[in-house]
Amino acid sequence: MLQQFGAGVAIAGCGSATPDTSMSNEAMSRLVDTSDEWIASRTGIQNRRLARPDESLCTLAAQAGQRALAMAGIAAADLDLILLATSTPDDLFGTASQVQADLGATQAVAFDLTAACSGFVFGMVTAAQFIRTGTYRNVLLIGADVLSRWVDWSDRRTCVLFGDGAGAVVMTATQEGDRLLGFELRSDGSQNHYLNLAYTPQEKPLVDDITIGQGSFHPITMNGQEVYRFAVKRVPEVIEKALFRANVSIEQVDWLLLHQANQRILDAVADRLQLPAAKVISNMANHGNTSAASIPLALDEAVRQGKIQPGDVIASAGFGAGLTWGAAIFRWGR
Ligand code: UT7
């Protein structure tokens, strides 16, 4: 039993799940005033998967989690912690516990973590703290989002960008060396208005002079150009800082694994870091922007395709609403 401080983190398995329904750019152009040419050339997206009304966030998250557990060879009953990074829970009180029940992870404590498109990277660092302190041995980290629930489907500036999905990794304690090599997390709430899904209260008088607010959440609103500028400037910075902390040079990076928001952002960040295009993981074309799911979904596809090999060094970074951004440098595998 591991009861000491000083445990390292291994990333022992990954998995993903996406809805069956696919929506092409051509179909999108029948919904709003857009074209395949505009979407593909400005974003790199060709298709996105969308959840049906009967498909829940919990189902996708649990499927991704199950596949990650199978790859890691760890039983759900041996999990100590489940972290669900999501901005689109089935239940505002949290969905992680439902995932825990679905998986039969009876010994695990489970909670949601909200940091939009940075959620997976923030979650990876959070999970690592529990492992490094010797508190927990086996953690399932899931990034999952069903943003289609919250997109304004009449707004061509946003609706063409997003897709639904889930990705997961199993992180375990090891004495063989710590595979989370370095990280850096950042927030800037003063720029929150550039990308949000805000709650708007409406006055509801109760009795006497007691009035409360009871409203609803807006559809997603975004100033695309500002978020683009933010990403292209801040993401290389945060990766460089995390690499410095990890004592890893850019030449030692095998893969750049960014939040899949826009192919132009991936290209610009790689360019600034002077990383060749062959080292950039991208599944933008098939999935669009799946928010907290995008990094583990792209990781899982690249691992199962045999691209990412055990021991490879991955520079990953998430960025988005909050605004939040962060990088984690890790070595794939046990
Ligand atoms: O996950 C969270 C992080 N999010 C991001 O990283 C998103 C960052 N931003 C972006 O990826 C890009 O800014 C977008 C893809 C959202 C937009 O690309 P852009 O090159 O910045 O386009 P733009 O907003 O400057 O718009 C250019 C033109 C405008 O028309 P006018 O004003 O020049 O006549 C838009 O109205 O393109 C128009 N436009 C569209 N046209 C056809 C905007 N959306 C569409 C569309 N189809 N879907």
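Is Asp155 buried or exposed? I began with this residue and found that Asp155 is buried, because its relative accessible area is 12% and buried means under 20%, exposed over 50% and partly exposed in between, with a 1.4 Å probe and protein chains only.

**Entry 1: basis.** I noted that this is a predicted model, in which local features need pLDDT of at least 70 and side-chain atom pairs count only at pLDDT 80 or more, while totals for chains, interfaces and linings use all residues. Residues are numbered from 1 along each chain as its sequence is written, and side-chain values use heavy atoms, with hydrogens and water left out.

**Entry 2: Asp155.** I located Asp155 in the loop between β6 (138–146) and α6 (156–159); helices (H or I, at least four residues) and strands (E, at least two) are DSSP runs numbered from the N terminus. I then looked up its polar contacts, meaning pairs of N or O atoms within 3.5 Å; within protein, one must be able to donate a hydrogen and the other to accept it, and residues adjacent in sequence count only if both atoms are side-chain atoms. A polar atom of the Asp155 side chain lies 3.0 Å from the backbone nitrogen of Arg157. The side chains of Asp155 and Thr158 are joined by a polar contact of 3.1 Å.

**Entry 3: ligand.** I found 23 residues around the ligand, the closest being Thr34, Gln225, His259, Asn262 and Asn289; a residue is near a molecule if one of its heavy atoms lies within 4 Å of it. The side chain of Thr34 has an N or O atom 2.6 Å from a nitrogen atom of the ligand. For Trp38, a side-chain N or O atom is 3.2 Å from an oxygen atom of the ligand. At Gly224, a polar backbone atom is 3.0 Å from a ligand nitrogen atom.

**Entry 4: nonpolar core.** I took a nonpolar core as a set of buried Ala, Val, Leu, Ile, Met, Phe, Trp, Tyr and Cys residues joined through side-chain atoms within 4.5 Å. The largest has 47 residues, of which Val235, Ile239, Leu256, Leu258, Val269 and Phe319 touch the most other members. The largest share of this core, 10 residues, comes from α7. I also looked up Val269, which touches residues including Ala231, Pro236 and Leu256, not counting residues up to four places away in sequence; contact means heavy atoms within 4.5 Å. A second, separate core of 31 residues includes Ala128, Leu180, Ile281 and Ala302.

Entry 5: Cys14 counts as buried because its relative accessibility is 0%. I counted 0 disulfides, a disulfide being a pair of cysteine sulfur atoms within 2.5 Å.
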